[in-house]
Amino acid sequence: MTTMIAASSIVKTNLPCSSRISSCSDFTSGHSWRPLEAAKHYRAHGVRSLRITCAATKTAKSPAEEEWKIKRQLLLEKRVRSVDVKEALRLQNENGFLILDVRPEAEFKQAHPPGAVNVQIYRLIKEWTAWDIARRAAFAFFGIFAGTEENPEFIKSVEEKLGKDAKIIVACSAGGTMKPTLNLPDGKQSRSLIAAYLLVLDGYKNVFHLEGGLYQWFKEDLPAEAEEED
């Protein structure tokens, strides 16, 4: 006898997320599937063979993808411009624009455009709650041992350094883009575009975005400086 079962329909569990890391979980439905437990259950009921297949045949869009569409729409409505690195340098020198570098502080200290201000939009996970431990374990599973989380102090920190009338060019490493392509009809999200979205939500009026990111800035050998380690 061969039994077909859906991976997400065997066990309903109320265990915290950290205790389910080793199981296959359907996080959208709240069900958790444990292969060994399932096999023991069906063996005890006289099932001689067990074939397991996943019920899902099509991957649903992630919440992050849906959110980016909303962010992009607002950025377009607020007329947030994307500028290349040479235009950004000209605006900085001639029009009083300031570069807001949202990369981690360590990257900023290694190299950044002269006069740039650093407020990281993501930071290393700080707390040690069960949820934070689970997130660290999830990052470690993919070989990432310095997991990050959204910086809850981002807007507050920007407001302490820059007034709402400031002319800002937001920059990160990669830059991302709002321009549609064949493979990416909604462009590509980045840390700087997320930061620009948060800034316009907070009432900042003069927000630009650095296309190509600081990777392109350094690649084109534009002015850069570093900070000495303490």
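In this predicted model, helix α6 passes α7 in a right-handed crossing. The contact is formed by F154, I155 and V158 on the α6 side. On the α7 side, A195, L198 and L199 take part. By class, this contact of α6 with α7 holds six nonpolar residues, with no polar and no charged ones. The two helices pack at an angle of about 70°, and their axes lie 11 Å apart. Angles of 65 to 115 degrees count as roughly perpendicular. The α6 helix is therefore roughly perpendicular to α7.

Helix α6 spans residues 154-161, and F154, S157 and V158 are buried in it. These residues cover an arc of only 100° around the axis, so they sit on the same side of α6. The cover over the buried residues of α6 includes strand β7 (98-101) and helix α7 (191-201).

Helix α7 is itself largely enclosed by the rest of the structure, because eight of its 11 residues are buried. The buried residues of α7 are S192, L193, I194, A195, A196, Y197, L199 and V200. Just after α7, the backbone at G203 adopts a positive phi of about 105°.

Strand β12 covers residues 206-210 and contains F208. The relative accessible area of F208 is 13%. The cut-off for a buried residue is under 20%, so F208 counts as buried. Beyond its neighbours within four places in sequence, F208 is in contact with V80, R81, V83, L91, F97, I168, I169 and V170. F97 in this list is 111 residues away from F208 in sequence. The C-alpha atoms of F208 and F97 are 9.2 Å apart in space.

A second pairing across the sequence involves L76, which lies in helix α2 (residues 63-77). L76 and M178 are 102 residues apart along the chain, yet their C-alpha atoms are separated by 8.3 Å. L76 has a relative accessible area of 40%.

R79 has a positive phi of about 55° although it is not a glycine. R79 is placed in the loop between α2 and β6 (81-83). With a relative accessible area of 72%, R79 is exposed. D221 is a further case, with a positive phi near 60° in a residue other than glycine. D221 belongs to the segment after α8 (213-219). D221 is exposed, its relative accessible area being 68%.

For the protein as a whole, the model contains eight helices and 12 strands. Of its 230 residues, 35% count as buried. Among the contacts in the protein with a separation of 6 or more, 69% are between residues 24 or more positions apart.

Terms used. Residues are numbered from 1 along each chain as its sequence is written. This is a predicted model: local features need pLDDT of at least 70, side-chain atom pairs count only at pLDDT 80 or more; totals for chains, interfaces and linings use all residues. Side-chain values use heavy atoms; hydrogens and water are left out. Buried means under 20% relative accessible area, exposed over 50%, partly exposed in between (1.4 Å probe, protein chains only). Helices (H or I, at least four residues) and strands (E, at least two) are DSSP runs, numbered from the N terminus. The arc is that of the directions from the helix axis to the C-beta atoms. Contact means heavy atoms within 4.5 Å. Axes are lines fitted to C-alpha atoms, for helices over the stretch in contact, and angles run from 0 to 180 degrees between N-to-C directions. Angles under 35 degrees count as roughly parallel, over 145 as roughly antiparallel, 65 to 115 as roughly perpendicular and the rest as oblique. A crossing is left-handed if the near helix is turned anticlockwise from the far one by less than a right angle, and right-handed if clockwise. Ala, Val, Leu, Ile, Met, Phe, Trp, Tyr, Cys and Pro count as nonpolar, Asp, Glu, Lys and Arg as charged, and the others, Gly among them, as polar.
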